[in-house]
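Open the structure in your viewer and keep the selection tool at hand. Each stop says what to select and what is there.

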Amino acid sequence: ALRPVGPSDATRASLWHALGVPPLVRAAARAAAWVLVLWSLGLYAHRVRWTLRSELEGLIAAAFFLSFATMSFLFLTRLDVSRTFIVLLLIGQPVVGLPIRAGLRQLYAWTRRRGSKTSWMLVVGTGETAEAFGDSLESNHDLGIRVLGHVLAPGEAAGAGGFAVSR
């Protein structure tokens, strides 16, 4: 069998062991870093992402950010880590993350269509733009947002009948 030329597995293990960090703690730190990057990019607010494509763009941005941080850490500490492992890890996280997030989107959409997890919104404004905005929110059922009504914006004239609230 072919084996890559370089430090042996024992040398790699001794480098990590010299830092005094157990493998489980290193894995947990990596997972926590991934979650922190996703959170900082706003990827844990599912209603913010209107499409699966925007989820993919966010995951790619998170993967690039974490890849840069990982490579910088490895360069500064001069640790010898399998390049194959690093490439598989950096590519694998967004590749595995997208189907999981797509499944969660489907689960949330299903529960929202059944009436659970519904949010109500009161739109400020009674003009055409406000109506179009409210209609666009309600037409995207996956968001689970229902428009309760429209109220007059400050300085806006009341419509026919003098009502300040519509719907």
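**Before you start**

This is a predicted model, where local features need pLDDT of at least 70, side-chain atom pairs count only at pLDDT 80 or more, and totals for chains, interfaces and linings use all residues. Residues are numbered from 1 along each chain as its sequence is written, and side-chain values use heavy atoms, with hydrogens and water left out.

**Stop 1: the whole chain**

Show the chain as a cartoon. You will find five helices and three strands. Helices (H or I, at least four residues) and strands (E, at least two) are DSSP runs, numbered from the N terminus. Trace the chain from the N terminus and the order is α-α-α-α-β-α-β-β.

The chain exposes about 11400 Å², an area from the Shrake-Rupley method with a 1.4 Å probe. Carbon and sulfur atoms supply 69% of that area. The chain has 167 residues, and 26% of them count as buried. Buried means under 20% relative accessible area, exposed over 50%, and partly exposed in between (1.4 Å probe, protein chains only).

Contacts come next. A contact means heavy atoms within 4.5 Å. Take the contacts between residues at least 6 apart in sequence: 67% of them join residues at least 24 apart.

**Stop 2: helix 2 and helix 3**

Two packed helices are described by the angle between their axes and the distance between the axes. Select residues 23–40 for helix 2 and residues 52–77 for helix 3. Their axes come within 9 Å and cross at roughly 135°. That makes helix 2 oblique to helix 3. Axes are lines fitted to C-alpha atoms, for helices over the stretch in contact, and angles run from 0 to 180 degrees between N-to-C directions. Angles under 35 degrees count as roughly parallel, over 145 as roughly antiparallel, 65 to 115 as roughly perpendicular and the rest as oblique.

The crossing of helix 2 and helix 3 is right-handed. A crossing is right-handed if the near helix is turned clockwise from the far one by less than a right angle, and left-handed if anticlockwise.

Which residues of helix 2 make the contact with helix 3? Show Arg 30, Ala 33, Trp 34, Val 37 and Leu 38. Across from them, in helix 3, show Leu 59, Ala 62, Ala 63, Phe 65, Leu 66 and Thr 70. By class, this contact has nine nonpolar residues, one polar and one charged. Ala, Val, Leu, Ile, Met, Phe, Trp, Tyr, Cys and Pro count as nonpolar, Asp, Glu, Lys and Arg as charged, and the others, Gly among them, as polar.

Click Ala 33 in helix 2. Is Ala 33 buried or partly exposed? Its relative accessibility is 25%, so Ala 33 counts as partly exposed.

**Stop 3: helix 3 and helix 4**

On the helix 3 side, the contact residues include Leu 52, Glu 55, Leu 56 and Met 71. On the helix 4 side, they include Ile 86, Gly 97, Leu 98 and Arg 105. The residues of this contact divide into 12 nonpolar, four polar and three charged.

Zoom in on Thr 70 in helix 3. Thr 70 is buried, with a relative accessible area of 15%. Not counting residues up to four places away in sequence, Thr 70 touches Arg 30, Ile 86 and Leu 90.

**Stop 4: helix 2 and helix 4**

Select helix 2 and helix 4. They pack at an angle of about 60°, with their axes 13 Å apart. That makes helix 2 oblique to helix 4. Here Arg 30, Trp 34 and Leu 38 in helix 2 meet Leu 89, Leu 90, Gln 93, Pro 94 and Arg 101 in helix 4.

**Last stop: Leu 90**

Select Leu 90 in helix 4. Leu 90 is buried, at 14% relative accessible area. Leaving aside neighbours within four places in sequence, Leu 90 is in contact with Arg 30, Ala 63, Ser 67, Thr 70 and Met 71. Leu 90 and Ser 67 are 23 residues apart in sequence, and 6.3 Å apart in space, C-alpha to C-alpha.
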